[in-house]
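Grab a pencil and work through these exercises with the model open beside you. Try each task on your own before you read its solution.

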Amino acid sequence: MTSLCTRMAGRWMIGVAAALLSPLSLASLPPEDAPDWSLRKTEGNIRVYTIEQPDSSFKAFKAIALMDVPLENLMAVMIDPTSCMSWVHGCTEAYGLEGGSFQDRYAYSINDMPWPVTDRDYVLHITTAGNESRGEVIMELNAVPDYREPDDDLVRVDRSDTRYRFVAEGDQTRMIWLQHTDPNGSLPGWLVNNLLVDIPVKSLQSLEQLATEPRYANHRLQFDADGQLTGVATVQSGDDE
């Protein structure tokens, strides 16, 4: 029975961590350099930290990874609204919602949960900003549960804050991923927190592998006259890179 509960909780946490694709209230996430981050796991080039969050039984996590892929590849993955299904564990359906722009858009995703737990769905507001001189891109993602009518067959997650910061380091990219999700549900926080550190590791490993696929190669970042990121474009044959 204990083993079954643990497996069910593991799959539930995978779904929780899949809130990848919101405007982010920075006050809802701890600073990257907060002194209370506790290193919980190191695997290869990935380090995962956790920190207590006020008014929540669920911790926030910070994952730092040095990926052997260029920033352009990773951004090509990020602008693909269906990519959630390929690198975030438990994400079974994902797509962009109508309207919006590269810098400000909305997405929807569903995460599979083990029976008898009801599947969760997310509506997410995504903002993206980048600076050419710093070689940095920041994506901010927040749950906006009232943006779309709920589905009676799903449980809408109403609190999830995520921040991705990508920093180009030559042909490699350093990614810093901060997230706090306080999902609807009855699983105890201590159990979820024990599983929390494994989810970013698995997801980041999948993301790095996905970004090497040919469909995400041959892209370039587009900047305006002030050096602000405006989009990601495919490099056509004969284009200057």
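**Exercise 1.** Work out whether Tyr164 counts as buried or exposed.

*Solution.* Keep in mind that this is a predicted model.
- Step 1: look up the value, which is 0% relative accessibility for Tyr164.
- Step 2: compare that with the cut-off, since buried means under 20% relative accessible area.
- Step 3: Tyr164 therefore counts as buried.

**Exercise 2.** Find out how the rings around Tyr164 are arranged, using Trp87 and Phe166 as partners.

*Solution.* 
- Step 1: start with the total, which is seven aromatic pairs in the structure.
- Step 2: take Trp87 and Tyr164, whose ring centres are 6.3 Å apart with 55 degrees between the planes, so this pair is tilted.
- Step 3: Trp87 belongs to helix 3 (residues 84-87) and Tyr164 to strand 9 (residues 160-169), so their pair ties together parts that lie 77 residues apart in sequence.
- Step 4: turn to Tyr164 and Phe166, another tilted aromatic pair, with 6.2 Å from centre to centre and 55 degrees between the planes.
- Step 5: One aromatic cluster takes in Phe61, Trp87, Tyr164, Phe166 and Trp177.

**Exercise 3.** Explain why strand 5 (residues 104-111) is described as largely enclosed, and find its partners.

*Solution.* 
- Step 1: count the buried residues. Six of the eight in strand 5 are buried, so the rest of the structure largely encloses this strand.
- Step 2: check strand 4 (residues 91-96), which runs antiparallel to strand 5 and is joined to it by five bridges. Here Ala94 has Ser109 as its bridge partner.
- Step 3: check strand 6 (residues 120-131), which pairs with strand 5 over eight bridges, again in the antiparallel sense. Across this pairing, Arg105 stands opposite Ile126.

**Exercise 4.** Decide why helix 2 (residues 71-78) is called largely enclosed.

*Solution.* 
- Step 1: list the buried residues, namely Leu71, Asn73, Leu74, Met75, Ala76, Val77 and Met78.
- Step 2: that makes seven of the eight residues in helix 2, so the rest of the structure largely encloses the helix.

**Exercise 5.** Which residues lie over the faces of Tyr49 and Tyr108?

*Solution.* 
- Step 1: over the face of Tyr49 you'll find Lys62, at 4.7 Å from the ring centre.
- Step 2: over the face of Tyr108 sits Arg148, at 4.4 Å from the ring centre.

Technical notes. Residues are numbered from 1 along each chain as its sequence is written. This is a predicted model: local features need pLDDT of at least 70, side-chain atom pairs count only at pLDDT 80 or more; totals for chains, interfaces and linings use all residues. Side-chain values use heavy atoms; hydrogens and water are left out. Buried means under 20% relative accessible area, exposed over 50%, partly exposed in between (1.4 Å probe, protein chains only). Helices (H or I, at least four residues) and strands (E, at least two) are DSSP runs, numbered from the N terminus. Two strands pair if DSSP finds at least two bridges between them. Rings of Phe, Tyr and Trp (its six-membered ring) pair if their centres lie within 6.5 Å; planes under 30 degrees apart count as stacked, over 60 as edge-to-face and the rest as tilted. A charge sits over a ring if NZ of Lys or CZ of Arg is within 6 Å of the ring centre and within 35 degrees of the ring normal.
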